[in-house]
Every structure is written in C-alpha cells, then in structure tokens.
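Hi everyone, thanks for coming. Have a look at the model on the screen, and then I'll walk you through a few parts of it.

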Amino acid sequence: MTDSPKGQRHDRNALILYGSETGNSQDAAEELGRVAERLHFVTRVSGMDLVEINTLLRQTVVIFVISTTGQGEFPKNAQKFWKSLLRKRLPPGCLDHVSFTTFGLGDSSYPKYNFSARKLHKRLEQLGAKEIYPRGEGDEQHPEGIDGTFLSWSVDLGKHLLSSYPLPEGVTPIPSDVLLPPKITLEILEELVPSSTTSESRQKLSKMGLDQPQASDNPAPGAEPRALMVYEPPVEREPPTPCEQIKDHLPGLDQPCETNFPPDDRLPFPDPSEVELVGNRRITPDTHWQDVRELTFIMSADFTYEPGETCTIFPKNFPEDVQALIDLQGWNGIADKPLRVRPEWPNYYLDEYLVPMAPGLYPLPRTTLRQLLTHNLDITAIPKRHFFELLAHHTNDHTHKERLLEFCNPAFTDEFYDYTTRPRRSILEVLQDFPSVQIPWKWATNYFPVIRGRAYSIASAGKLSEYMEDRRFIQFQIIVALVKYRTVLKKVRQGLCSRYLASLPIGTDLHVKFTVSEKFYEKARLFPKNPLILIAPGTGLAPCRALVWDREHLHLESKKSVGKSYLFYGGRNKDADFFYSKEWQYRGLQVEVFTAFSRDQEEKIYVQDIIRQNGKLIEHLIRAQSAIIYVCGSSGKMPKAVKEALIDVCTQHCPEPKSREEMETVFERLSKLGGYIQETW
C-alpha cells in the first residue's frame, strides 16, 4: 500500500493506457479514468509509450484501450510499449501479478479488424497477466459508432471493479452529480507582457526541434487528499459523422470569404517540419457541387518523403468564433492577459506519476486565453456526452440543467445524436443554446478538447517533388475534399480543417508533422518490377498518384524496367471528378486507367463493377505476376465491396479451380505478407 503525504493509505490504483491515432481511444480511456476515479481508485490515464512494463506490476488493475491502424498496426504512441512486450528476454510469468482487461477500437471494413487489441490481449496472457474482465471491442461501422458497445461495456466494467475491489466501510462511490477536480488550471501571469498574435521571424523551411514546455510548480502542501486522475488531454479530434452533403451549386459558397484569417503563430509541438504554402488550386469545376483542392507546399530539400506518408495539419479557430465565445462567457476582461497552464499534481508523492505538461496541449509561450482558444482548443467540435455533464454543473437554470443531464444519459442516445452528431452542432452552438452556462475560465482546458491535427496522404513523388523555382526546396501535394453540409439547423457549415485550408493564403508558413507508414510502401520498394493494382475512388487517389510517379522516377533513375500500374478510379462524373485526367496520358508513367463514373449513365457503376469487368486481367496480374494491391479511399462499404469483387474474379478465372473459401485464404495470406494494402479513412 502507498501512504499519502497526510497519512491516508491508498491501496487501490488503476492505470488506464491508450494507443491512439485519431483520439477516439484517448476519449474512451479518459472516460474509463473517470469511472475508476469515482470508485476511489488512484487513477492515471496515459499513452502506452509513456510507461515501462514494470510499472504494470504496481497497479491494482490495468486497462488498455487501443485502436488498430493501417494494416493491422499499433498506433504510433503504442509501438514502443508493444515492442517491449515482445522482447525475448522477458521471462515466462513476468506479469503474473498484473490484473488487466482491454477494449479495442476498430473498423470492421478493414481486413484486420481490432487486430492490435487482440494481439495485445493475447501477449499479456502469454506473459502471465490475468484477465479480470472480458475484453470489449468497438466498431466504427456500428450505427452508434464506438459507443454502440463501449457505453454498456464501461458501465458493466465499473460494476465489476466495485464488486471485485470493494470500498472500505463507510466509503461510497463519488456520485455522478459531484464535479471531479480539474486536471489543468490556468493562472494569470500579471508580471508578463501579453504576447503578440503575430509570429516572430524565423528561418523558413527547416526541420525544428523545440524545447518542451517547462513543468509547473508543485501545489501548496496540505491540500485535501483524494484519489485523483493524472490527465493527458487528446492530441487530435476525430472528424464527426457527416450529415447530408450539399450536392447543388450554391452561389458564393465556392469562393473563400474569410477576410479575418487566424494569426499565423506556429505551435511549439515536438519535431515539427516547417513548410510554406505555394499553391491552393481547385481541381473540380467551379460549377461542381464539391470543392476539391490540390494544396502544394515547399520545404527544405534536405528532407525527403516516400509514397504512403501523411502530412498532419493543425487547423485554427477563426477570430470571430473565438470572440463570440469570449463574449458569451464574459471573458473579455481576461482574454488577452498572459497565462500559465498548470497541471494539477496528485496529492501524494510518487515520482513516476508527476507529469510535467499534458501531451497534446502545446500553448504558445506566455499564451493568452484568446490564443488558447484560437490555436489549441477546439470550440467547433461536436461535443461528447461528458461535455454536457460538465456544463450541467455551471448553470443555475433548472430547465437547462435538466436538459443537459438528459444529453449525457445513455438512455437518451437518440436525443443526444439528434441534437449533436446529425445536425453537426458545435460546442460553440451548444453554449449559445444554453446561455445560462458560465464556464470558469481557469478550467477552459478541461472543458474544450484539444485541436487534433488532420492527416492527409501525400499525393506526389518523383518529378512532382521537384520545385523548379528554387532547387533549395522540394514540394509535396495533398488533395483535400472541402465538403459543405446543409443540416436541420439550416446553416451551411464546414469542418474546422476544411474551412481553414480553403482560406489559407499563399505564402503562409506552417508547422506540420510527417508520418511514415512502414508497411504501405515496403513491398513496392522491395519488388519494383511487380505490377501495382491501384483501386482509388475519389481522394483515395492521393497515395496511388504518389506510387505511380514514384515508379516513373525509379525507371528514369535506374534505367531498368518497373512494373506497370493499373489504376481503377471511381467518381461521380467524368467531367467534374476525373482528377488529373490529362496527367495519366503522359507516356512515361506506364499506367493504364480504368474508370467508373457512377452518375454518367442511368445504371450506377462503381469501382467494384469495373473490377469484375476486367476480372481475367486482374486474376492474371495477381497469380502470375504477384501484383501488389492497394485499396485507398473512404472506409465503409467500398473496401468490403472491392475485396468481394477481387475474390470473386480470382475464383472465377483461376486456371486451377479453387473454392471461394480457398481464395479468401489466399487473400488473407496476401494481406499478411504485405501484398494487399488497405489505406482508408
């Protein structure tokens, strides 16, 4: 047992570890942290890579929440921990004293659904850890998303923890109507001069490594002891479920109309790459309902990239939205004063739990509340249930309080989705609907989620990476579909990043992050003579375009033959959606293009249909030439339909008769060996 500074003994601690790319696993882990905290567990919520294996041995219970990314891979912030579990020198039974459970977040449209969670669970058991509660799995394809299974699983887990680890006599769980203490507090720094909203001059286009924010001071001794949760806020926000897209041309919507653009301060997150926007070109006709952009950036020629890499862009809130929130909450008197962001320390002494600054929250030096709301906190996100629970503590209006509590009650799931997700109602709009709510400004970082970056597949390689105007730089391109929505609120709206990128002025300098997908390009790099089958509806074309131009570059550099690319592209209309149609006619690309435009004829045609029409060719490429298959684009029905079509044509045209079940096994092996790559979002 652990003694607190005031002599109170804590023998119940819970460690909730998450592995997350988009932030959904972090959200789930934080919710489980609140469940444990209300049961008086001394609770820590953390990314998996921030702990060592031996830390698990000192916990009453360990809960893992992990998503599966790419080709069955662990998220970036979980890979170090996972590799440590695979070390050969780990003795059998080394985790005998660990009690654990896992919850996986996945998408059943992927071949390796919840693969990471299943592998992790199995490995922990191999090392002797004991499962204390059956593992859970969430599916993005569920009508209610991850919540479809997570809500009931988390409630039942809480009941199980309470029965398995009963509280001492006279101690009861913290009721849901009691506000848990904040994890981060804002403080005024009166002695400092407010920082400017304009950027300091910096040398452009160089890879930078910035110092980490300094740790905050320890709290004053003598604070009342209680079981606290060490909190690490989300890094990036998952895009909300879309409503009906606008498919009609609306005058005035196609042109950027933002005249008051956010200030260009660059966030001091670790290991940024500095880039400059040099092109923001619409690649669909002005008369088309969908605005698709090709954005071109340049960066130092000292750096390179390869097909499959993504560029993460961190959007910002617009000044008018920030001011609207400040006015609504009555924060004008504090908005422009310099602040310090201070994590609230646990009230007991244990070094490993002392987290100096919450990952994902990277405030500007001497930040102000206005700057936090502009650069760091997402005030236009669709709120989670927990947000309504928090708001209910800050209103004196009985009707408002009652309504807010209904939205955070799982029994009112339909009402919650009708109010939030379906109309894409933002946090700011919720606060406008409930004007009686007054949030303490000191707790703003606890109430608003951190702005999470949006990752875009790089759409260039080879010749397309050359920046002809200045050889000191290289360029890269991304393709962004700026989808506008008309909702029941009768207001045309865009996502935060769509609005930001649509209005991004040429010449803007940005801090971005590049992420390499190790398995995406691995086999194509090792076997350049193997043909590529590229299946890419819509903006899924981006990574496939990079592969095609990369092959052209390899051919010119090595003077050797490379495998031909077979591109199966899908869109709505040939005249509007056939991206780079002239580019594919360039002889040096060695690409053959097959197209499916669903709205150009009475009967809808999709990529899976043209796969079936060319089944004999596809079967030959896969069987006789070991073609590498890429499926890129939107998740959901498309990847499943494409895979079904591929299995069908290979079963039908295989010269050696195989059953469909046998062919499914062939494709499973292809996926395992890196010959079938799915990159969907």
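So, what covers the buried residues of H5? First, a quick word on the model: it is predicted, so local features need pLDDT of at least 70, side-chain atom pairs count only at pLDDT 80 or more, and totals for chains, interfaces and linings use all residues. Residues are numbered from 1 along each chain as its sequence is written, and side-chain values use heavy atoms, with hydrogens and water left out.

Okay, back to H5. The cover includes helix H1 (24-38), strands E5 (61-67), E6 (99-106) and E8 (136-139), and helix H8 (385-391). Helices here are DSSP runs of H or I with at least four residues, strands are E runs of at least two, and both are numbered from the N terminus. The buried residues of H5 include Phe150, Trp153, Leu157 and Leu161. Buried means under 20% relative accessible area, with exposed over 50% and partly exposed in between, using a 1.4 Å probe and protein chains only.

Next, the sheet. Five strands make an open, parallel sheet in the order E22-E21-E20-E23-E24. Its edge strands, E22 (591-597) and E24 (676-680), each pair on one side only; pairing takes at least two DSSP bridges between two strands.

Last stop: Val45, in strand E4 (residues 42-47). Val45 is buried, at a relative accessible area of 0%. Its C-alpha atom is separated by 9.5 Å from that of Arg34, 11 residues apart along the chain.

Notes
Contact means heavy atoms within 4.5 Å.
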